[in-house]
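The following exercises concern one protein model and its local architecture. Work through each task with the structure in view before reading the solution.

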Amino acid sequence: MIHGSVALLLSSSLFASAAWSDTAALRGVYVGDIDASVEPCDDMFQHSNGKWHRENPVPASQPRWSRRWEAGEIAKDQLRTILEAAARSNAPAGSSERQIGDFYAACMDESALNRLGVRPVQPLLDRVDAIRQPADLQQAIATLHAVAIDVPFRLHAESDSHDPTRVIANIAGAGRGRGLPDRDYYLSSEPRFEAARDRYKLYIAKLLQLAGTSAEKAKAAAETVLRMETQFARASLDNVSQRNPKAMDNQRSFAELRKLTPTFDWQAYYGASGLQPGDVNVVELRLMEEFDRQLRSTSLADWKTYLRWHVLDSAAPSLSAPFVQEEFDFRSAYLRGATQIRPRAVRCAEATDIALGEALGQKYVEQYFSPEAKARAQTMVDNLRLALRETIEELTWMTPPTKARALEKLAAFQAKVGYPDRWKDYSSVSIRRDAYWESVLAGRRFAVSDGRATINRPVDRSRWDMTPPTSNAGYRALRNEIIIPAGILQPPSFDMQAVDAVNYGAIGSVIGHELIHGFDDKGSQYDGQGRLNNWWAADDLANFKSRGECIVQQYENYFVEPGIHHNGRLTLGEAIADQAGVRLAYRALKISQRGKPAAPMLDGLTPEQQFFISWGQFRGDVERPEFARSMMQSDNHPTGKYRVVGPLSNLTEFQQTFACRAGQPMVRPAPQRCEVW
């Protein structure tokens with residue numbers, strides 16, 4: 001039975017569980033999406049999604065599209081419904097409902113923002129313009145950091161990788177401190193990167209002109225910004241190096257931090273930030289050395305240009321229409337291929353989630369995530385854990401001592417499902433219905449101070465770093481935990497009206513994926529307590545790395561267009577997690593069936609076939625060419641097609657399910673077949 005996207009969003013509380021006798025009332029895979037002209041063993045991605053893709057081209061406002069991404073946009077409509085009701089309500093001042101309603105209403109008042117132009121951000125620009133001496137510059141950097149304008153680094157809370165029971169300060173390079181997506185965008189001589197740098201300079205100049213800078217001065221300022229950012233990029237780790245935790249494990253005492261960057265007054269910075277000096281991890285030592293060098297050698301005028309630019313870039317989506325349009329034209333259109341800006345209501349719903357995520361999330365959970373859904377998802381997590389335990393116990397390439405330590409790590413693992421047990425209190429956040437940018441800043445100040453308040457304290461394992469409406473999931477190595485928010489526990493990822501085979505193929509594979517991140521090329525370097533600690537026997541570790549090399553070579557040969565292919569080392573962790581996650585989910589499905597009657601066919605498909613088609617449909621993303629090129633450079637995830645065909649072409653279980661023959665595209669030759677877990 002095929003359900004439209006509206007029907008998919010009916011309340012998920014209709015079924016707490018389902019006996020196989022009720023299968024007729026439950027849905028299977030989206031058989032109407034299948035391209036029957038393509039055999040599963042030839043191209044499972046096209047077989048699972050081909051008809052849907054033909055009938056649902058990528059919308060003008062999106063860089064990629066699939067049923068999952070469509071559901072994500074519909075979920076934002078759910079948030080919009082909540083927010084519109086909150087904006088109309090007369091909830092008491094300071095209440096969560098009043099705050100999210102006022103924030104959303106301020107965002108939606110585009111006419112007011114258009115009248116104001118650059119004026120909302122002028123106080124921050126004035127703060128930068130007031131810099132007269134080096135001490136002023138350093139104070140301005142602290143001021144900007146307090147509102148999450150992280151130039152050219154950020155200081156945030158993180159668990160100590162040597163003692164994960166405590167939180168320390170972590171200093172790292174920051175996204176908005178570097179306007180291009182990736183280091184190579186600054187350094188590579190390839191024509192596409194040179195073109196991106198030229199386009200970036202145009203964007204810088206246009207935004208500065210909107211803020212009142214003359215065209216000539218704006219053009220010169222763009223050269224200054226690019227020069228400074230290029231120097232920071234040259235001193236930064238590349239994306240592959242950032243997958244090595246040891247390269248980013250540089251714990252220093254406060255005295256050693258001051259010695260590393262003697263020009264910067266850390267005592268004053270900590271005082272302005274309300275922080276007590278203590279141990280700190282400096283993720284990128286060379287970057288901080290470059291920062292100190294530029295403090296000494298770069299003029300205050302150039303620093304002011306750099307800071308002024310990043311204030312405008314950070315604020316642009318929250319200002320008048322011309323600023324919003326320029327930011328869209330560069331980041332969404334040029335870099336990602338979108339041709340139309342998304343509706344304002346969608347953008348305002350996202351902004352509210354960023355600023356007041358758990359306040360909005362509490363309302364979202366009340367309406368769209370039932371206790372029965374949480375219980376069923378938790379059962380799936382339990383079955384996935386059992387599947388991984390059995391898998392580890394049966395491994396033939398790992399010795400018993402290493403197996404024992406792997407099982408210890410699995411036993412210590414924590415799963416957060418749906419939403420926090422304790423909600424954040426936003427009552428101290430001043431939200432103004434008539435001042436959108438000021439409300440954005442208030443949300444940012446709260447987030448920065450809320451995080452920094454945990455530094456030099458014991459870890460609070462109950463804290464979440466994803467909001468409940470988030471349609472994503474994650475693994476945190478330093479806490480040895482996975483997070484599965486309510487936002488991803490929605491159709492088509494997870495559906496209370498779907499048979500188990502479909503749910504295990506989609507969200508079950510996601511849960512398995514996140515579990516395996518604890519055992520991928522990066523996560524495997526942390527033990528069960530979250531310490532950066534080698535728990536492997538030497539021969540086992542060598543075997544593990546050799547198996548990973550197989551996957552590196554597999555993905556190096558996946559091209560998105562001639563001359564542009566996946567970086568196997570960059571995507572290694574995600575590729576390991578995809579492959580092993582699907583296998584674990586398949587095993588967990590079998591575990592869920594133990595002691596039950598055999599599940600019948602549905603829509604002419606066996607449960608095993610439904611499982612693999614469900615995986616193919618969940619990962620059925622089609623990307624715009626511009627976005628795919630950007631992914632190859634800066635995203636550690638493979639593109640949608642290769643997230644489907646890559647793992648399945650290695651899996652005997654898939655090939656047996658569809659009776660694939662040697663030599664077919666979805667059957668990798670035995671000498672090239674990869675298996676890590």
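**Exercise 1.** Determine in which order the strands of the open sheet are arranged, and which strands lie at its edges.

*Solution.* Step 1: the open sheet has 3 strands in the order β6-β8-β7, and its pairing is mixed. Strands are DSSP runs of E with at least two residues, helices are runs of H or I with at least four residues, and both are numbered from the N terminus. Step 2: β6 (414-418) and β7 (474-476) each pair on one side only and are therefore the edge strands, where two strands pair if DSSP finds at least two bridges between them. Step 3: from one strand to the next, the twist averages 15 degrees.

The model is predicted: local features need pLDDT of at least 70, side-chain atom pairs count only at pLDDT 80 or more, and totals for chains, interfaces and linings use all residues. Residues are numbered from 1 along each chain as its sequence is written, and side-chain values use heavy atoms, with hydrogens and water left out.

**Exercise 2.** Decide whether the faces of β8 are covered or open.

*Solution.* Step 1: recall that in a regular strand the side chains alternate between the two faces of the sheet. Step 2: on one side of β8, Glu-481, Ile-483 and Pro-485 are buried (under 20% relative accessible area; exposed is over 50%, partly exposed in between; 1.4 Å probe, protein chains only).

**Exercise 3.** Describe how helix α11 (residues 266-273) is oriented by its buried and exposed residues.

*Solution.* Step 1: the buried residues of α11 are Trp-266, Tyr-269, Tyr-270 and Ser-273. Step 2: seen down the axis, they fall within an arc of 95 degrees (taken from the directions from the helix axis to the C-beta atoms), so they line one face of the helix. Step 3: the face turned away from the buried side carries the exposed residues Gly-271 and Ala-272. Step 4: α11 is followed by Gly-274, whose phi is positive, near 70 degrees.

Definitions and conventions: Axes are lines fitted to C-alpha atoms, for helices over the stretch in contact, and angles run from 0 to 180 degrees between N-to-C directions.
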